[in-house]
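Reader: Hi, I'd like to go through this structure with you. Can you put it up first?

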Amino acid sequence: MKLETYLSENQVKPSAFAAEIGVAPSTITRLLKGERSPRLDLIMLIKEKTGGQVTADDFFEPASAGEAA
């Protein structure tokens, strides 16, 4: 599940989620806009806080067939 979907379905504002995991609100905003990729430690915080509903795979688009990995 994408972080944006999780926040929407659970009626959590990005700024409130940021405070819950101890990061700046701008960090979550940039993730949601696709302006940055999360570091591993941030991915783990998000996964823990969302009960595993948002994972590392949810931040990255799968490579299309025939594309070099």
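Reader: Where does Leu 40 lie?
Author: Leu 40 lies in helix H4. Helices here are DSSP runs of H or I, at least four residues, and strands are runs of E, at least two, numbered from the N terminus. Bear in mind that this is a predicted model: local features need pLDDT of at least 70, side-chain atom pairs count only at pLDDT 80 or more, and totals for chains, interfaces and linings use all residues. Residues are numbered from 1 along each chain as its sequence is written, and side-chain values use heavy atoms, with hydrogens and water left out.

Reader: Is Leu 40 buried or exposed?
Author: Leu 40 is exposed, at a relative accessible area of 62%. Buried means under 20%, exposed over 50%, and partly exposed in between, with a 1.4 Å probe and protein chains only.

Reader: Which exposed residues sit on the face of H4 turned away from its buried side?
Author: Leu 40 and Glu 48.

Reader: And which residues of H4 are buried?
Author: Leu 42, Ile 43 and Ile 46. They are on the same side of H4, because they cover an arc of only 100 degrees around the axis. That arc is taken from the directions from the helix axis to the C-beta atoms.

Reader: What do they pack against?
Author: The buried residues of H4 pack against H1, H2 and H3. Contact means heavy atoms within 4.5 Å.

Reader: What about H3, which residues are buried there?
Author: Thr 27, Ile 28 and Leu 31. They line one face of H3, because they fall within an arc of 95 degrees seen down the axis. Their packing partners are H1, H2 and H4.

Reader: What follows H3?
Author: Gly 34, with a positive phi near 75 degrees. H4 is followed by Gly 51, and its phi is positive too, near 65 degrees.

Reader: Which residue has a positive phi although it is not a glycine?
Author: Gln 11, with a phi of about 50 degrees. Most residues other than glycine have a negative phi. Gln 11 lies in the loop between H1 and H2. Gln 11 is exposed, at 75% relative accessibility.

Reader: New topic. Which residues touch the most other members of the largest nonpolar core?
Author: Leu 3, Phe 17, Ile 28, Ile 46 and Phe 59, out of 13 residues in that core. H1 (3-9), H2 (14-21), H3 (25-33) and H4 (40-49) each give two or more residues to it. A nonpolar core is a set of buried Ala, Val, Leu, Ile, Met, Phe, Trp, Tyr and Cys residues joined through side-chain atoms within 4.5 Å.

Reader: Which residues does Leu 3 touch?
Author: Leaving out residues up to four places away in sequence, Leu 3 touches Phe 17, Ile 28, Leu 32, Ile 46, Val 54 and Phe 59.

Reader: How many helices and strands are there overall?
Author: Four helices and zero strands. Along the sequence the pattern reads α-α-α-α.

Reader: How many residues does the protein have, and what share is buried?
Author: The protein has 69 residues, and 25% of them count as buried.

Reader: How far apart are the C-alpha atoms of Leu 40 and Ala 56?
Author: They are separated by 8.1 Å, with the two residues 16 apart along the chain.
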